[in-house]
Amino acid sequence: MKAGREELMEIVDVWGYSEEAQAKIRAILESEDPPPPHLFRYYGPLEGKGKVWQAERLFEETIGTTHALAVNSGTSALMSAVAAAGIGPGDEVIVPGYTFFASASIVVASRAIPVITEVNDSLNLDPEDVRRRLTPQTRAIIAVHMKGMPADMAEIMAIAAEHDLIVIEDVAQACGGSYGGKMLGTIGDLGAFSFDFYKVAQSGEGGFVATDDVFLNMRAQSWHDTAACWRPDRYAAERSEGELFCGENYRMSEMQGAVALVQVRKLSGYVSRLQAAKRKVRDRIEERDGFALRRRPDPAGDASTALVMFGPSPEGAMAIMAAMGERGVGAGGRFDQTVRDWHVYNFWEHILEQKTVTEEGCPFTCPYYQGTLPEYSPEMCPNTLDLLGRSIHLGVSEDWTDEDGERIADAINGAVAEVMG
Ligand SMILES: Cc1ncc(COP(=O)(O)O)c(C=O)c1O
């Protein structure tokens, strides 16, 4: 059954246009009878160079990488990156204790051991704790750039070089950010991006895997398109060792590709507006003993989706948030431990309790694993819990005017003064 006008009208309805507008669109569409659309990314009249392909090429250009592979989610991007790097049974992978659970769950799904590691005052991986948690089994580091902020990439890359580790950047929350003049996701061996609805750029669901390495790209392609195996026109020019294996299907459809293409076009402009808006508030905030802004490992590279601050204590942070609320500025915190937050490791009971999809308990019981399992417990990263407990999070809006900046900063400074004296 061919897709046609009715399907397109259903998509128009997703955008929520009025009945009147939809009737006009329908009338215009009825005046033409084009061939059915080709929603599968490969083949078709454009010979595979449709919306997904165009989004990939534009994404490569935008972030400065030689290969970008579109996939159907950020989780798929991470899985493809891990598969491309050949990480699996017997390997340990460093993951931060503060990230969306997907960054850790894909390690277990790949049958490797996640080593949950502290974050520092950037709320991203703490390189010192990474060093402490290295073992002979460590194979890779997943460096997550949380809430728009680049991680301490110079230190992380130095550790990786010293110990011959793979670095996968999880850029789900920081697309468009940079570090040391390089776009996030192009510093490590592979970058994994999410284009789900809540992200900087979105296509409802979607994602990209970025790499400069032709072999890793080819393996990510193989993993994401299981049935294809080897297609010389799309994959590496020649069959090489390690190219063929059984994968899954994470292909992006042309509908997601069409939206992603426009979002990539808008990305730099959007991030610049977020950065300008955040500066309007951040530059006016008065730090003091016990009240600090989140550290920026590279101020110029902050994608600026959020403004994060630290109070003197969890109770102090709650009181500051309440006082901000009274001044008309709402913020969120991490103190209420009764609210399950999948971004904080102490709620990851699947890992802490080693729950696995099959009963034999792999990877935690895997005979290929020669190491000693980390001591999984809700207390294993106390600094992370301390920092998050004291943190105050405010979403940034690209629409903030100078007046908004002044009003929000006054509310924050006033709230801090009221609570801390
Ligand atoms: C840091 C991080 N990594 C990975 C993901 C997974 O992305 P997706 O929802 O597209 O699968 C998310 C999404 O929330 C995320 O925030």
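## Reading contacts and patches in a predicted model

Q: Which residue forms a salt bridge with glutamate 56, and how far apart are the closest N and O atoms?

A: Glutamate 56 pairs with arginine 57 in a salt bridge, and the closest N and O atoms are 3.2 Å apart. Please keep in mind that this is a predicted model. The general idea is simple: side chains of opposite charge can pair when their charged atoms come close.

Q: Which residues are linked with Glu56 and Arg57 in a network of salt bridges?

A: Arg41 and Glu60 join Glu56 and Arg57 in that network.

Q: How many salt bridges does the structure hold?

A: There are 22. One of them links arginine 139 to aspartate 91, with 3.0 Å between the closest N and O atoms. Arginine 139 sits in strand E4 (residues 138-144), while aspartate 91 is in the loop between helix H4 (74-84) and strand E2 (92-96), so this pair ties together parts that are 48 residues apart in sequence. Aspartate 91 is buried at 12% relative accessibility, and arginine 139 is partly exposed at 27%. Another salt bridge joins glutamate 353 and lysine 355, whose closest N and O atoms are 3.3 Å apart. Lysine 355 is partly exposed, with a relative accessible area of 42%.

Q: Let's turn to aromatic rings. How many aromatic pairs are there, and what describes a pair?

A: A pair of aromatic rings is described by the distance of the centres and the angle of the planes. In this model the count comes to 12 aromatic pairs. Among them, phenylalanine 195 and phenylalanine 208 lie 5.0 Å centre to centre with 70 degrees between the planes, an edge-to-face pair. Phenylalanine 195 belongs to the loop between strand E8 (190-194) and strand E9 (207-211), and phenylalanine 208 to strand E9, so the contact ties together parts 13 residues apart in sequence.

Q: What makes the pair of phenylalanine 197 and tyrosine 198 edge-to-face?

A: Their ring centres are 5.4 Å apart and their planes stand at 80 degrees, so the pair is edge-to-face. Phenylalanine 197 is exposed, with 53% relative accessible area, and tyrosine 198 is exposed too, at 71%.

Q: Which residues form one aromatic cluster?

A: The cluster is made of Phe59, Phe193, Phe195 and Phe208.

Q: How about the surface: which residues form a negative patch, and which helix gives the largest share?

A: Glu7, Glu10, Asp13 and Glu19 form the negative surface patch. Helix H1 (residues 5-14) supplies the largest share, three residues. Glutamate 10 is found in helix H1 and is exposed, with a relative accessible area of 54%.

Q: Which residues form a nonpolar patch?

A: Val14, Trp15 and Tyr17 do, with about 390 Å² of accessible area together. Tyrosine 17 lies in the loop between H1 and helix H2 (19-30), and is partly exposed at 47% relative accessibility.

Q: Finally, how far is serine 103 from histidine 343 by C-alpha atoms?

A: Their C-alpha atoms are separated by 9.7 Å, although the residues are 240 apart along the chain. Serine 103 is placed in helix H5 (residues 102-109) and is buried, with a relative accessible area of 1%.

How values were computed:
Residues are numbered from 1 along each chain as its sequence is written. Side-chain values use heavy atoms; hydrogens and water are left out. Rings of Phe, Tyr and Trp (its six-membered ring) pair if their centres lie within 6.5 Å; planes under 30 degrees apart count as stacked, over 60 as edge-to-face and the rest as tilted. Helices (H or I, at least four residues) and strands (E, at least two) are DSSP runs, numbered from the N terminus. Buried means under 20% relative accessible area, exposed over 50%, partly exposed in between (1.4 Å probe, protein chains only). Patches are made of residues with over 30% relative accessible area and no salt bridge: like charges are joined within 9 Å, nonpolar side chains (Val, Leu, Ile, Met, Phe, Trp, Tyr) within 5 Å. Accessible areas come from the Shrake-Rupley method with a 1.4 Å probe; for residues, only the protein chains shown count as cover. A salt bridge is a side-chain nitrogen of Lys or Arg within 4 Å of a carboxyl oxygen of Asp or Glu. Lys and Arg count as positive and Asp and Glu as negative; His and the chain ends are not counted. The place of a charge is taken as NZ of Lys, CZ of Arg, CG of Asp or CD of Glu.
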